[in-house]
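Subject: Structure for your review

Dear colleague,

Please find the structure below, together with the sequence. My notes on what was found in it follow directly after.

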Amino acid sequence: MARLTDTARRLMEFDAKGMASLALWVLRRRDGVPPGATAVPYSGAQTAIMAMWLFAMVVELVGLEIVLRALDAPVALRTAILVIDAYSVLVVLAVIAACITRPHVVSPDELRLRYGAFFDLRIPRALITGVRRVRNFDENGLITVDGDVLALAVASQTTVVVELAEPITAVRPLGARVRVRTVRFYADDPGAVLAALRPAPEPGLEDTAA
């Protein structure tokens with residue numbers, strides 16, 4: 001029962017964050033990107049696909065309403081179907097908005113990896129021992145774990161690998177906790193991630209080298 005309650009709570013949180021993301025999207029704002037931090041978008045690989053899916057859902061909603069009217073279906077039935085379909089459209093919009101307004105973030109203290117309202121992992125920069133660019137097109141899910149390796153994929157792709165000095169705890173969307181030491185994730189511009197994670201030169205170092 002406690003597990004079921006926790007799952008329901010998480011689903012309600014996803015819903016609330018998704019609706020909040022719609023407002024941020026309209027206002028052209030982003031969540032959790034402090035001054036001086038680098039926002040790293042990851043939605044580029046999926047937005048076009050999700051937009052086509054959304055268009056198909058809207059067409060289906062309108063077409064079904066026309067058919068039900070032609071069949072003289074009861075108003076109560078038509079209203080129930082319309083509400084369910086309209087909510088489904090809103091959910092897809094919320095997912096798109098959440099992924100756009102909640103990018104990955106590189107700050108002086110941490111690398112924050114996210115997927116919309118569903119996943120949020122904070123990695124202290126002090127634990128990062130290596131970061132490199134990859135190009136994987138065969139990831140098997142959105143968030144997968146194999147041993148101590150976590151993959152956070154978009155459209156079955158990952159483009160950056162981060163190695164850690166010691167394992168950290170990642171919380172999966174429905175609450176399961178895993179310990180991981182390597183993280184693969186997708187970024188629209190992996191080069192920007194590598195540049196942002198590159199250690200800053202010590203004061204005076206460049207002058208000395210010159």
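The second largest pocket has a volume of about 150 Å³. A pocket is defined on a 1 Å grid over the protein atoms alone, as an open set of points where a 1.4 Å probe fits, with protein on both sides within 12 Å along at least five of seven lines; its lining residues have an atom within 4 Å of a point. Grid points are joined across faces, edges and corners, and the volume is the space filled by probe spheres set on the points. Among the residues lining this second pocket are Leu11, Phe14, Tyr87, Val91, Ala117 and Phe118. Helices H1 and H3 each supply at least two residues of that lining. By class, the lining of the second largest pocket holds 10 nonpolar residues, 1 polar and 1 charged. Here Ala, Val, Leu, Ile, Met, Phe, Trp, Tyr, Cys and Pro count as nonpolar, Asp, Glu, Lys and Arg as charged, and the others, Gly among them, as polar.

Please note that this is a predicted model, in which local features need pLDDT of at least 70 and side-chain atom pairs count only at pLDDT 80 or more, while totals for chains, interfaces and linings use all residues. Residues are numbered from 1 along each chain as its sequence is written, and side-chain values use heavy atoms, with hydrogens and water left out.

The largest pocket contains about 240 Å³ of space. It is lined by 16 residues, of which Lys17, Ala117, Phe118, Phe119 and Asp120 are the closest to its centre. Helix H1 (2-26) and strands S3 and S4 each supply at least two lining residues, and H1 gives the most, with 4. The lining of the largest pocket has 6 nonpolar, 1 polar and 9 charged residues.

As for the overall build, the protein has 5 helices and 9 strands; these are DSSP runs numbered from the N terminus, with helices (H or I) of at least four residues and strands (E) of at least two. From the N terminus on, the order of elements is α-β-α-α-β-β-β-β-β-β-β-β-α-α. The C-alpha trace spans about 80 × 40 × 30 Å along its principal axes. Of the 210 residues, 36% are buried, where buried means under 20% relative accessible area, exposed over 50% and partly exposed in between (1.4 Å probe, protein chains only). Among contacts (heavy atoms within 4.5 Å) with a separation of 6 or more, 67% join residues 24 or more positions apart.

Which residues have the most contacts inside the largest nonpolar core? They are Leu111, Phe119, Ile123, Leu150, Leu152, Val183 and Phe185, in a core of 38 residues. Such a core is a set of buried Ala, Val, Leu, Ile, Met, Phe, Trp, Tyr and Cys residues joined through side-chain atoms within 4.5 Å. The elements that give two or more residues to this core include helix H2 (44-70), helix H3 (75-101), strand S3 (110-115) and strand S9 (177-185). Leaving aside neighbours within four places in sequence, Val183 is in contact with Leu113, Leu121, Ile123, Leu150, Val160, Val161 and Val162. In soluble globular proteins, nonpolar side chains tend to be buried together.

Glu139 sits in the loop between strand S5 (128-136) and strand S6 (143-146), and it counts as buried because its relative accessibility is 8%. Its side chain makes a polar contact with the side chain of Thr158 (2.7 Å). A polar contact is a pair of N or O atoms within 3.5 Å; within protein, one must be able to donate a hydrogen and the other to accept it, and residues adjacent in sequence count only if both atoms are side-chain atoms. Thr101 lies in helix H3 and is buried, at 1% relative accessibility. The side chain of Thr101 reaches the backbone oxygen of Ala97 at 2.8 Å.

Finally, two residues other than glycine have a positive phi. Arg28, with phi near 60 degrees, lies in the loop between H1 and S1 and is exposed, with a relative accessible area of 79%. Ser156 has a phi of about 65 degrees, lies in the loop between S7 and S8 and is partly exposed, at 36%.

Yours sincerely
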